[in-house]
Amino acid sequence: MPSPIVVLFLLVLLLLPPRLSRAQEAGAPPQEMENLDGQVQDLKQKILDLNTLLFRLQEDLLFPEDSSVAVFFAMEGGNYFALDSVKLNLDDKLVSSYLYTDREVGALKKGGIQRLYMGNVKSGDHELVAIFTGKGPQEKDYKRAETVRFNKGDGAAFIKIIIRDSPEKEQPEFAYETWN
């Protein structure tokens, strides 16, 4: 179902062309046409601003800061691991699953950060398990699970899971960072 703002925007667009056409048919002076065009542009901008405000309100309602948790993923290097997919379990429940294209993996290797999950959890201790599959060194199938235990306190919690190259071990390393 389209949002009320989208419906409103479409209604405005449907209603405006006849008004402009009548103005043109009546031989309205060019200055009046410019005024109408300016009013239309102002109205479009107000609708866009209102839509942005509604989006932020929706985000605040769906993910209140006190209970929200966000999980991000990044790669540093990627010479020892060719990523295929990630599954993310939060407290033994699958919350996210993602299958990567070569292009997406390339973007991650160039420093991109992906938001894997955003949701709500109660305060207290939680366990996050990220399962990575792909090709490891020497093109062998590689599957690795990284467990992150965190305590959700007041405010939002953020977790970043990182795959790094370890040149000494010639293996990928899995690490994480948390912050509030």
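# Close-up views of a predicted α/β chain

**View 1. Overview of the chain.** From the N terminus on, the elements of the protein chain follow the order α-α-β-β-β-α-β-β-β-β-β. In total the chain has three helices and eight strands; helices (H or I, at least four residues) and strands (E, at least two) are DSSP runs, numbered from the N terminus. The model is predicted, so local features need pLDDT of at least 70 and side-chain atom pairs count only at pLDDT 80 or more, while totals for chains, interfaces and linings use all residues. Residues are numbered from 1 along each chain as its sequence is written, and side-chain values use heavy atoms, with hydrogens and water left out. Of the 180 residues, 33% count as buried, where buried means under 20% relative accessible area, exposed over 50% and partly exposed in between (1.4 Å probe, protein chains only). The accessible surface comes to about 11900 Å², and 53% of this belongs to carbon and sulfur atoms; the areas come from the Shrake-Rupley method with a 1.4 Å probe, and for residues only the protein chains shown count as cover. Among contacts (heavy atoms within 4.5 Å) between residues at least 6 apart in sequence, 63% join residues at least 24 apart.

**View 2. The open sheet β3-β2-β5-β6.** Four strands form this open sheet, in the order given, with antiparallel pairing. Two strands pair if DSSP finds at least two bridges between them. The edge strands, each pairing on one side only, are β3 (93-99) and β6 (141-152). From one strand to the next the twist averages 20°; axes are lines fitted to C-alpha atoms, for helices over the stretch in contact, and angles run from 0 to 180 degrees between N-to-C directions. Strand β2 (residues 82-90) is joined to β3 by six bridges, and the two run antiparallel. Lys 93 in β3 stands opposite Leu 90.

View 3. Ile 131 is found in strand β5. Leaving aside neighbours within four places in sequence, Ile 131 is in contact with Ser 85, Val 86, Lys 87, Asn 89, Lys 143, Arg 144 and Ala 145. Lys 143 lies 12 residues from Ile 131 along the chain, and the C-alpha atoms of the two are separated by 7.0 Å.

**View 4. The largest nonpolar core.** This core has 26 residues, of which Phe 73, Leu 83, Leu 128, Phe 132 and Ile 161 touch the most other members. A nonpolar core is a set of buried Ala, Val, Leu, Ile, Met, Phe, Trp, Tyr and Cys residues joined through side-chain atoms within 4.5 Å. At least two residues of the core come from each of β1 (68-76), β2, α3 (102-109), β4 (113-120), β5 (124-135), β6 and β7 (157-166). Beyond its neighbours within four places in sequence, Leu 128 has contacts that include Val 71, Leu 88, Leu 90, Val 148, Phe 150, Ile 159 and Ile 161.

**View 5. Aromatic pairs around Phe 132.** Rings of Phe, Tyr and Trp (its six-membered ring) pair if their centres lie within 6.5 Å; planes under 30 degrees apart count as stacked, over 60 as edge-to-face and the rest as tilted. By this rule there are eight aromatic pairs. The rings of Phe 73 and Phe 132 have centres 5.3 Å apart and planes at 35°, so this pair is tilted. The pair links distant parts of the chain, with Phe 73 in strand β1 and Phe 132 in strand β5, 59 residues apart. Phe 73 counts as buried, at 0% relative accessibility, and Phe 132 counts as buried at 0%. Phe 132 and Phe 174 form a tilted aromatic pair, 5.2 Å centre to centre and with 40° between the planes. Phe 174 is in strand β8 (residues 171-179), 42 residues from Phe 132 in β5. Phe 174 is buried, with a relative accessible area of 9%. One aromatic cluster takes in Phe 73, Phe 81, Tyr 98, Tyr 100, Phe 132, Tyr 142 and Phe 174.

**View 6. Strand β7 and its partners.** β7 is mostly covered, with eight of its 10 residues buried. Eight bridges join β7 to β1, and these strands run parallel. Arg 164 in β7 is the bridge partner of Glu 76. With β8, β7 pairs in the antiparallel sense over nine bridges. Trp 179 in β8 stands opposite Phe 158. β7 and β8 form a hairpin with four residues between them, and Glu 170 in the turn has a positive phi of about 55°.
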